Amino acid sequence: MSGAGGRGCGSPVPQRAPWSLVAATAAFCLVSATSVWTAGAEPMSREEKQKLGNQVLEMFDHAYGNYMEHAYPADELMPLTCRGRVRGQEPSRGDVDDALGKFSLTLIDSLDTLVVLNKTKEFEDAVRKVLRDVNLDNDVVVSVFETNIRVLGGLLGGHSLAIMLKEKGEYMQWYNDELLQMAKQLGYKLLPAFNTTSGLPYPRINLKFGIRKPEARTGTETDTCTACAGTLILEFAALSRFTGATIFEEYARKALDFLWEKRQRSSNLVGVTINIHTGDWVRKDSGVGAGIDSYYEYLLKAYVLLGDDSFLERFNTHYDAIMRYISQPPLLLDVHIHKPMLNARTWMDALLAFFPGLQVLKGDIRPAIETHEMLYQVIKKHNFLPEAFTTDFRVHWAQHPLRPEFAESTYFLYKATGDPYYLEVGKTLIENLNKYARVPCGFAAMKDVRTGSHEDRMDSFFLAEMFKYLYLLFADKEDIIFDIEDYIFTTEAHLLPLWLSTTNQSISKKNITSEYTELDDSNFDWTCPNTQILFPNDPLYAQSIREPLKNVVDKSCPRGIIRVEESFRSGAKPPLRARDFMATNPEHLEILKKMGAASSIDAEDGLRFMQEMIELSSQQQKEQQLPPRAVQIVSHPFFGRVVLTAGPAQFGLDLSKHKETRGFVASSKPYNGCSELTNPEAVMGKIALIQRGQCMFAEKARNIQNAGAIGGIVIDDNEGSSSDTAPLFQMAGDGKDTDDIKIPMLFLFSKEGSIILDAIREYEEVEVLLSDKAKDRAAILKGKMIPSYIINSNPEMENEEQSSPENDSQNQSDEQVSSSSQEVDLVDQESSEESSLNSHPESLSPADTDNVASISPSEQTSDPTENHETTNLNGECTDLDNQLQEQSETEEDSNPNVSWGKKVQPIDSILADWNEDIEAFEMMEKDEL
Ligand code: DMJ
């Protein structure tokens, strides 16, 4: 392809290329292959793409409109309670709240999205609001990283597009760099954070008082994450180059230089957390997800934006290490920086979903296609990417805060391959967002992807990133009012112009502090996707990479350290894995003894085995707990769109085994339900609401059951409690036989409970569904006259009048809904839902439990009917449950009280025996540092 100085993608970037050429060439990579695709997935018509693009616009309006109407000037929208999240006024959620600086975060983060989505008028209004309302001098402690990527990045992205529009001559004619002035003011506010000997910034700063002052309430931290210290260069360099104030770029470079110096020299990897004073690695595990992700991203993008070869050299060195140790296609698994052949985890986090996109920028498309496909399979199973999932694709952490990383990678892969398959992927993302996350007042994060329950949270990155990538995915060049290829995306998807590479470049020349060697051509290999090799006369090439992974999730065997197992296929015995360990197997005991012996390989095996045992043991503790349940409000105007996370009970009807319970709610009298109800007529045939406290849960259940209730919801009496901030628990019985309790009982924290109580106040009749997992809206509304937008999740039909709670109160009956109502026959949907659940038994598995702590020892055991596969010592797929079953049967012969859970008890004694070895191993690690 021409452009970029006539250099085709796939050709190495020239040594010492002119800055402008470097930037343009790298950006060029992203769009080079769109015309390559000629076969494979069915092409998508222009009309269909436009329809999907319009759908994205409508979704953005729904999110942004509700934020502006119900939350602004607060930092974020709380979409379930339809109000603003103001820090200090809501229960603290810990570190997550450090992004909130009382500076109208969502508005600032949305600025350049408005321009990308062609909402220039709204952009102009939004900029005026920022200039008029936003105060950057609040006495609030914020995360330096989040403030940089979201607020500084948001202001700079806004400024970049404001000057672009001004130059075009129609909009923003009044603009005089005011956003840039705010950005500079904020930049100076962040600088005190860099006052450390290492040059690594403190993780937090007080916007008003900085770090050191007594009023600052921060500055005592010793550690920061690698991404936190290494994700500044784009914004800081842009600020320097826009303003001419060199100090920002200098500080960001210094921090990057320090991280580079501290890389583990033999593996070339970095750890997750580092001491900002000593430079010691605090956490020595290393991956491409949480805690490190955007450090790598910024090295490559800093090269693109600033044209400084040292950044590319560093990136390529790290990338080589990542591909050598962390990448186990399609997986990306954390390892130890000193022992990179040793996996540090058996699960992956959702943040790593950005990595395929970065690989596209790097030009390494094959592993990008593989990892992206694996992630897509996980999404197809759970509708969203859970925050963490195991190597055998079970949910490890079930939350999903509407993260954009997967959409980002989908966009870049589409740009690189032109394969319409990625448009279909984007379509699925849109459908899932509308179907499962859309609520009347915005989009709500998923509290639990398994139950479909919501969290009262819509993070600003959802507007900054998700809508940009989804819109751009379906947009043609003429759909965007400027040339997107002239810009680079920051990690928060803010746009910085590539012409910065030629502006004030003396700053970078003056301040290159690290030494780097002369680069040879190999350093630049694969800097652009080489379409010649990617699609060697075969347009089905990308599809052929995906094909073997199509069933990777459904037919998975737990995969831990495949690399190690493969190395033993040649004949030697593979090391003993914790999941295969049987305390009764003499051969295993023999192997254990050997692991304690002197050889370093045995010691490595031993250490890994112990880590696996600890993980397995905590996994099994989790397995003894019940998964959370869902309370779905199905009556008008909710129509199943609000799903609350509920704690299960260890007694009463088990909702995972029975059909859901549906009914109208009624408060019991007395409200605590601790004595015979005085209003049995009110709760008869209904789901009774009872307040927590003053007697046992089982007693409450019996009292409402005796009054004729068909279910019960216990609401926490601790005002303000919420499943957002407190771990969910299961309600224990009363220590006696509770078989007499037949109705289902669920627990809601006060905040979730008050959503139902408020609904009763407003709408009187409130119907809910108690279940193990949110039900399909169509199934809920079977046979009812309802607006078609609710069933189809076709937001084009939805307007603010219909969806806003205020207006809904005027529309209380089903007959009053619009003429687009339709009657739904759901027999098929129900059966298909059932069959899809059956085909994924583990989606309901107790093993997937997280965030559910028991307030009493649970009597539950793991479900022996679960079909978990594993690999045996020969590396073959076997049925874990058969193993467990067999094992349990063997043990029950000798001791009927022994359960699988107890079988791992000897771990304590094993650990004690090995303490010495661990210490020796740790010493070894220290020496290497
Ligand atoms: C965003 O704020 C940024 O992309 C950041 O780098 C990490 N991920 C979040 C969204 O998930």
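Let me start with a term: a polar contact is a pair of N or O atoms within 3.5 Å, where within protein one must be able to donate a hydrogen and the other to accept it, and residues adjacent in sequence count only if both atoms are side-chain atoms. Hello everyone, and on to the model itself. It is a predicted model, so local features need pLDDT of at least 70, side-chain atom pairs count only at pLDDT 80 or more, and totals for chains, interfaces and linings use all residues. Residues are numbered from 1 along each chain as its sequence is written, and side-chain values use heavy atoms, with hydrogens and water left out.

Let's begin with the ligand. Which residues are around the ligand? They are Ile149, Leu351, Arg403, Pro404, Glu405, Phe461, Glu465, Thr491 and Glu492, where being near means having a heavy atom within 4 Å. This shell divides into four nonpolar, one polar and four charged residues. In that count, Ala, Val, Leu, Ile, Met, Phe, Trp, Tyr, Cys and Pro are nonpolar, Asp, Glu, Lys and Arg are charged, and the others, Gly among them, are polar.

Now look at the ligand's oxygen atoms. Arg403 has a polar side-chain atom 2.7 Å from a ligand oxygen, and Thr491 also has a polar side-chain atom 2.7 Å from a ligand oxygen. For Glu492, an N or O atom of the side chain is 2.5 Å from an oxygen of the ligand. On its own the ligand has 300 Å² of accessible area, and the protein covers 94% of that. Such areas come from the Shrake-Rupley method with a 1.4 Å probe, and for residues only the protein chains shown count as cover.

Let me step back to the whole chain. How many helices and strands are there in the chain? There are 33 helices and 31 strands, taken as DSSP runs (helices H or I, at least four residues; strands E, at least two) and numbered from the N terminus. Of the 929 residues, 63% count as buried, meaning under 20% relative accessible area, while exposed is over 50% and partly exposed is in between (1.4 Å probe, protein chains only). The chain exposes about 34,600 Å², with carbon and sulfur atoms supplying 49% of it.

Just after the helix, Asn383 takes a positive phi of about 70°.

Next, please find Arg87, in the loop between β2 (83-85) and α3 (105-116). Its side chain makes a polar contact with the side chain of Asp98 at 3.1 Å, and the Arg87 side chain also reaches the backbone oxygen of Val141 at 2.7 Å.

My last stop is Ala445, in strand β17 (residues 445-448). Is Ala445 buried or exposed? Ala445 is buried, with a relative accessible area of 0%. Pro401 is 44 residues from Ala445 in sequence, yet their C-alpha atoms are 4.4 Å apart. Setting aside residues up to four places away in sequence, Ala445 touches (heavy atoms within 4.5 Å) several residues, among them His400, Pro401, Leu402 and Arg457.
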